[in-house]
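The sequence and the structure are shown first.

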Amino acid sequence: MKRRLLLILGLVSVNSHAELSGQSIALNCFNCHNRKPAANSAIPSLSDYSQQRLQQAMLDFKYDKTNATLMPRIAKAYSDAEISAVAAYLSQQ
Ligand code: HEC
């Protein structure tokens, strides 16, 4: 019994470390979303978005509420908690 409890505690802590921080996720976003995009860029800068708008856009991509091509694949890679974390981080940049 004791051993099983330790195993469960171990899994919980491994799991919480698996959550990525908003900052480390945002580094992936900046590969495509230039902080100062060229005027004719199809990919917008994320710097003018509010936290709520970013989070909603990511959830819409993740749950196939848009016709976008690329972002749905990216958004599906993140948990809702990670989406919340990256939206909070990006809205403060
Ligand atoms: C591989 C390139 C790429 C990466 C990486 C990427 N994006 Fe995008 N993003 C796009 C493209 C292209 C679009 C335009 C919609 C589409 O075609 O999917 C877009 C659109 C968006 C939009 C919608 C803009 C609007 O107003 O319609 C948001 C918000 C967004 N991305 C957020 C993010 C966030 C947050 C990340 C990091 C987790 C990220 N993107 C990573 C390429 C990328």
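## Model and overall fold

The model is a predicted one. Its protein chain contains 5 helices and 0 strands, and the order of elements from the N terminus is accordingly α-α-α-α-α.

Of the 93 residues in the protein chain, 13% are buried. Where contacts in the protein chain link residues at least 6 apart in sequence, 54% of them join residues at least 24 apart.

## The shell around the ligand

The ligand is surrounded by 18 residues, of which C29, C32, A57, A68 and M71 are the closest. In composition, the shell around the ligand has 14 nonpolar residues, 4 polar residues and no charged ones.

Three helices, α2 (22-32), α3 (51-62) and α4 (71-75), each contribute at least two residues to the shell around the ligand. Among the contributors, α2 gives the most, with 5 residues.

## The nonpolar core

The largest nonpolar core is made up of 10 residues, namely L46, L54, M58, F61, A75, I83, A85, V86, A87 and L90. Both α3 and α5 (80-91) supply at least two residues of this core, and α5 gives the most to it, with 5 residues. In soluble globular proteins, nonpolar side chains tend to be buried together.

One member of this core, L90, has contacts with A26, L46, Y49 and L54 when its neighbours within four places in sequence are left aside.

## The pairing of α3 and α5

The axes of α3 and α5 come within 8 Å and cross at roughly 145°, and the crossing is right-handed. On the α3 side the contact is made by Q51, L54, Q55, M58, L59 and K62, while α5 brings I83, S84, A87, A88, L90 and S91. The residues of this contact divide into 7 nonpolar, 4 polar and 1 charged.

R53 also has its place in helix α3, and R53 counts as partly exposed because 13 C-beta neighbours lie inside 10 Å. R53 and A87 are 34 residues apart along the chain, and their C-alpha atoms are separated by 8.3 Å.

## G22 in helix α2

G22 lies in helix α2, and its 17 C-beta neighbours inside 10 Å are the reason why G22 counts as partly exposed. Not counting residues up to four places away in sequence, G22 touches A85, V86, A88 and Y89. Its C-alpha atom is separated by 9.6 Å from that of A81, although G22 and A81 are 59 residues apart along the chain.

## The loop between α2 and α3

Two residues of the loop between α2 and α3 are described here, N34 and I43. N34 has 14 C-beta neighbours inside 10 Å and therefore counts as partly exposed. When residues up to four places away in sequence are not counted, N34 touches S41 and S45; N34 and S45 are 11 residues apart in sequence and 5.7 Å apart in space, C-alpha to C-alpha.

I43 is likewise partly exposed, because 13 other C-beta atoms lie within 10 Å. Its contacts, leaving aside neighbours within four places in sequence, are with C32, H33 and P37. The C-alpha atoms of I43 and C32 are separated by 7.1 Å, the two residues being 11 apart along the chain, and C32 is also one of the closest residues to the ligand.

## The loop between α3 and α4

D64 lies in the loop between α3 and α4, and D64 counts as exposed because 11 C-beta neighbours lie inside 10 Å, whereas a residue with 12 or fewer already falls in that class. The phi of D64 is near 55°, a positive value in a residue other than glycine. Most residues other than glycine have a negative phi.

Definitions and conventions:
Residues numbered from 1 in each chain as written. Predicted model: local features only at pLDDT ≥ 70, side-chain atom pairs only at ≥ 80, totals over all residues. Near = placed C-beta within 6 Å. Helix = DSSP H or I, 4+ residues; strand = E, 2+ residues; numbered from the N terminus. Nonpolar A, V, L, I, M, F, W, Y, C, P; charged D, E, K, R; others polar. Buried ≥ 20, exposed ≤ 12 C-beta atoms within 10 Å, placed from the backbone. Contact = placed C-beta atoms within 7 Å. Core = buried A, V, L, I, M, F, W, Y, C linked by C-beta atoms within 7 Å. Axes fitted to C-alpha atoms, helices over the stretch in contact; angles between N-to-C directions. Left-handed = near helix turned anticlockwise from the far one by under 90°.
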